[in-house]
Amino acid sequence: MMRATSRAGSNTRASRAGLVGGVMLVSLVSVAAFSIHPEVRAARELADKVTRGRQVVLEHGCGDCHGGGGNPASPEWLSGMRHPEIQETQVGPFKTRPRNLTPDNTTGLGRFSERQIFNAIRYGLRPGETPDVEITSTVPGKGNFPLTPKYLAIPMPWPVFRHMPDEDIWAIAAYLKHAVKPVVNQVPDSEGPPDFWASEYTVEKIGSYPAAAFPTANEVVPKQAVGAR
Ligand code: HEC
């Protein structure tokens, strides 16, 4: 009986100690969670972002035109046209050339902000000729969308890339600015029409952003999914 009692007593003490320990641990963990230094948190966010950006760049074949194909280990990775015979495109009377996407300050994207890179991919606006502002409309003259937009030359596939979620476009911008080494390679400017391709990028030709609502005349709601929304 005594032994049982004393065992019970020591169990209680042990579990009380365990409880106290547990509470201390939980509070330590939560203190740690809330006291992560902002710089450490920012470092982790940037690490995640550039990892995602690299993946998106690989999946979207940026290197097929901008250099290096699908191989980030290629010495030509994203550094712009080096082989005009295969990288230059003849669009009507104009020759267009994939630019240097490495963060070199004079020949690459170094002098542009992440927002300018975002605006290039979402809206097709040339970073060198578009102010560094947040754009909230696709109507020229509204929400900071330039009245006379200067678009990127064909065949930069921004009309399809623009449908990526915001996070993916920001991730690309972060990857290009912070995780690719600068490479000096001056790509000659693309040639183009005086309207900077505006007449090629009408809603009739490239669709709208956001895309037309589902289902369009070409699509159906699967029978099994009718009523799901
Ligand atoms: C089919 C070829 C092609 C692919 C694929 C492509 N680009 Fe481009 N890109 C171009 C061309 C050509 C230009 C030059 C446009 C011009 O001179 O107006 C360009 C220009 C750009 C610019 C503007 C650079 C500057 O300095 O003005 C950015 C940013 C860019 N591309 C990012 C990307 C990213 C990111 C991807 C992948 C998600 C990608 N491109 C995939 C052809 C391509």
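Predicted model: local features only at pLDDT ≥ 70, side-chain atom pairs only at ≥ 80, totals over all residues.

Reader: How many helices and strands does the chain have?

Author: The chain has 8 helices and 2 strands. Helices (H or I, at least four residues) and strands (E, at least two) are DSSP runs, numbered from the N terminus. In sequence order the pattern is α-α-α-α-β-β-α-α-α-α.

Reader: What percentage of the residues in the chain is buried?

Author: Of the 229 residues, 24% are buried. Buried means that 20 or more other C-beta atoms lie within 10 Å of the residue's own; exposed means 12 or fewer, partly exposed is in between, and C-beta atoms are placed from the backbone.

Reader: Ok, helix packing. At what angle do α5 and α7 pack?

Author: About 130°, with the axes of α5 and α7 9 Å apart. That makes the pair oblique. Axes are lines fitted to C-alpha atoms, for helices over the stretch in contact, and angles run from 0 to 180 degrees between N-to-C directions. Under 35 degrees counts as roughly parallel, over 145 as roughly antiparallel, 65 to 115 as roughly perpendicular, and the rest as oblique.

Reader: Which residues make that contact?

Author: From α5 they are E114, I117, F118, I121 and R122, and from α7 they are I169, W170, I172, A173, A174, L176 and K177. Contact means C-beta atoms, placed from the backbone, within 7 Å. By class, the α5 and α7 contact has 9 nonpolar, no polar and 3 charged residues. Ala, Val, Leu, Ile, Met, Phe, Trp, Tyr, Cys and Pro count as nonpolar, Asp, Glu, Lys and Arg as charged, and the others, Gly among them, as polar.

Reader: Which residues of α5 are buried?

Author: I117, F118, N119, A120, I121 and Y123. The buried residues of α5 pack against α6 (158-161) and α7.

Reader: And α2 with α7, what angle there?

Author: About 100°, with the axes of α2 and α7 7 Å apart. The two helices are therefore roughly perpendicular. Residues in α2, including L46, K49 and V50, meet residues in α7, among them D168, W170 and A171. The α2 and α7 contact divides into 9 nonpolar, 2 polar and 4 charged residues.

Reader: Switching to the ligand. Which residues come nearest?

Author: C62, C65, A153, M156 and S190, out of 27 residues around the ligand. Near here means that the C-beta atom, placed from the backbone, lies within 6 Å. The shell has 17 nonpolar, 6 polar and 4 charged residues.

Reader: Which helix supplies the largest share?

Author: α3, with 4 residues of the shell. Both α3 (62-66) and α5 (114-123) supply at least two residues each.

Reader: Is T96 buried or exposed?

Author: T96 is buried, with 22 other C-beta atoms within 10 Å. T96 lies in strand β2 (residues 94-96). Not counting residues up to four places away in sequence, T96 touches T89, V91, A153, I154, S190, E191 and G192.

Reader: And G61, buried or exposed?

Author: G61 is exposed, with 12 other C-beta atoms within 10 Å. G61 lies in the loop between α2 and α3.

Technical notes: Residues numbered from 1 in each chain as written. Contact = placed C-beta atoms within 7 Å.
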